[in-house]
Amino acid sequence: MFLNNEYIVIIDNKTKNPIIYGQVKGFKTSYTKVENNKFTQYPLKCVSVDEKYFFNLKSKKFKIKKINNCHQLTDIKNIEKNIPNDYVITLWKNAYLNNSSDVYREFSYNEIDEEIKKLVYTLNKIEGIETKTSCSGHYKEPFNICLQFFNMKSIILLTHLISNKFNNTLLLTTDPIITQYSNDSVMLVLKSIDIGENAYKEANRLNDYLETMIEG
């Protein structure tokens with residue numbers, strides 16, 4: 001494995017050309033899967049130079065070498081364009097569906113409303129849940145997060161938690177507008193009953209419960 005801040009180059013095995021030069025900025029060492037309503041972690045070693053694209057060290061399509069000279073660094077903003085078309089790229093949250101992908105990609109949360117950013121991030125860590133849209137309500141409306149569920153375990157997990165811990169403050173409801181996203185899945189909207197600070201406190205409280213469950 002590599003060390004944080006080490007300089008590396010990722011080289012495509014077919015073309016022998018570098019995909020990216022960079023400084024190690026992050027690792028992923030395991031992915032989470034829900035089994036029998038419990039979170040179980042499985043090993044999967046990946047390395048990243050931009051904290052968005054993580055290269056699976058088990059992939060046979062590239063090799064990684066350490067380098068000493070930082071003058072070889074390239075613009076990591078173009079990393080997606082440099083990844084060959086035959087590489088399998090999977091969202092990290094879906095690693096449980098394909099743990100042999102060449103590259104895993106994180107969501108970008110830069111544009112999510114700050115008041116609910118943590119909750120959106122944590123929801124996307126859960127197997128079988130993917131957020132589609134979100135809005136904090138901007139202190140004028142309840143916050144809402146559109147959720148796509150891909151298995152019954154994730155639906156049961158969240159509905160059970162809301163029913164028992166947040167039944168007076170949060171709602172999990174349907175919305176006819178979001179059915180356009182749904183194929184072999186269920187679409188529901190997580191909404192607050194209150195607006196403003198009270199709503200955001202409940203978002204943070206739900207986030208804390210989910211983080212505790214994921215960690216342990």
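A residue is called buried when its relative accessible area is under 20%, and exposed when that value is over 50%. The model discussed here is a predicted one, and by this cut-off Asn124 counts as buried, because its relative accessibility is 3%. Asn124 sits in the loop that runs between helix H2 (117-123) and strand S9 (129-135). A polar atom of the Asn124 side chain lies 2.9 Å from the backbone oxygen of Val120. When residues up to four places away in sequence are left aside, Asn124 touches Lys93, Phe107, Tyr109, Ile129, Glu130 and Thr131.

Turning to the protein as a whole, there are four helices and 12 strands, and of its 216 residues 44% count as buried. The accessible surface comes to about 12100 Å², and carbon and sulfur atoms account for 47% of that surface. Among contacts between residues at least 6 apart in sequence, 57% join residues that are at least 24 apart.

Nonpolar side chains tend to be buried together in soluble globular proteins. The largest nonpolar core of this model has 27 residues, and those with the most contacts inside it are Leu119, Phe143, Ile145 and Leu190. At least two residues of this core are supplied by each of the elements H2, strand S10 (144-149), helix H3 (152-165), strand S12 (186-192) and H4, with H4 giving the largest share, six residues. Apart from this core lies another, of 16 residues, among them Val24, Tyr53, Phe55 and Ile83.

Phe143 touches, beyond residues up to four places away in sequence, a set of residues including Ile116, Leu119, Leu170, Leu190, Ala199, Tyr200 and Ala203.

| Core | Number of residues | Some residues named |
|---|---|---|
| Largest nonpolar core | 27 residues | Leu119, Phe143, Ile145 and Leu190 |
| Another core | 16 residues | Val24, Tyr53, Phe55 and Ile83 |

Helix H4 (residues 197-215) has 19 residues and reaches 27 Å from its first C-alpha to its last, which is close to the 27 Å expected at 1.5 Å a residue. Its buried residues are Ala199, Tyr200, Glu202, Ala203, Leu206, Asn207, Leu210 and Ile214. Seen down the axis of H4, these buried residues fall within an arc of 155°, and therefore they line one face of the helix. The face of H4 turned away from its buried side carries the exposed residues Lys201, Thr212 and Glu215.

Conventions: Residues are numbered from 1 along each chain as its sequence is written. This is a predicted model: local features need pLDDT of at least 70, side-chain atom pairs count only at pLDDT 80 or more; totals for chains, interfaces and linings use all residues. Side-chain values use heavy atoms; hydrogens and water are left out. Buried means under 20% relative accessible area, exposed over 50%, partly exposed in between (1.4 Å probe, protein chains only). A polar contact is a pair of N or O atoms within 3.5 Å; within protein, one must be able to donate a hydrogen and the other to accept it, and residues adjacent in sequence count only if both atoms are side-chain atoms. Contact means heavy atoms within 4.5 Å. Accessible areas come from the Shrake-Rupley method with a 1.4 Å probe; for residues, only the protein chains shown count as cover. The expected span of a helix is 1.5 Å times one less than its number of residues. The arc is that of the directions from the helix axis to the C-beta atoms. A nonpolar core is a set of buried Ala, Val, Leu, Ile, Met, Phe, Trp, Tyr and Cys residues joined through side-chain atoms within 4.5 Å.
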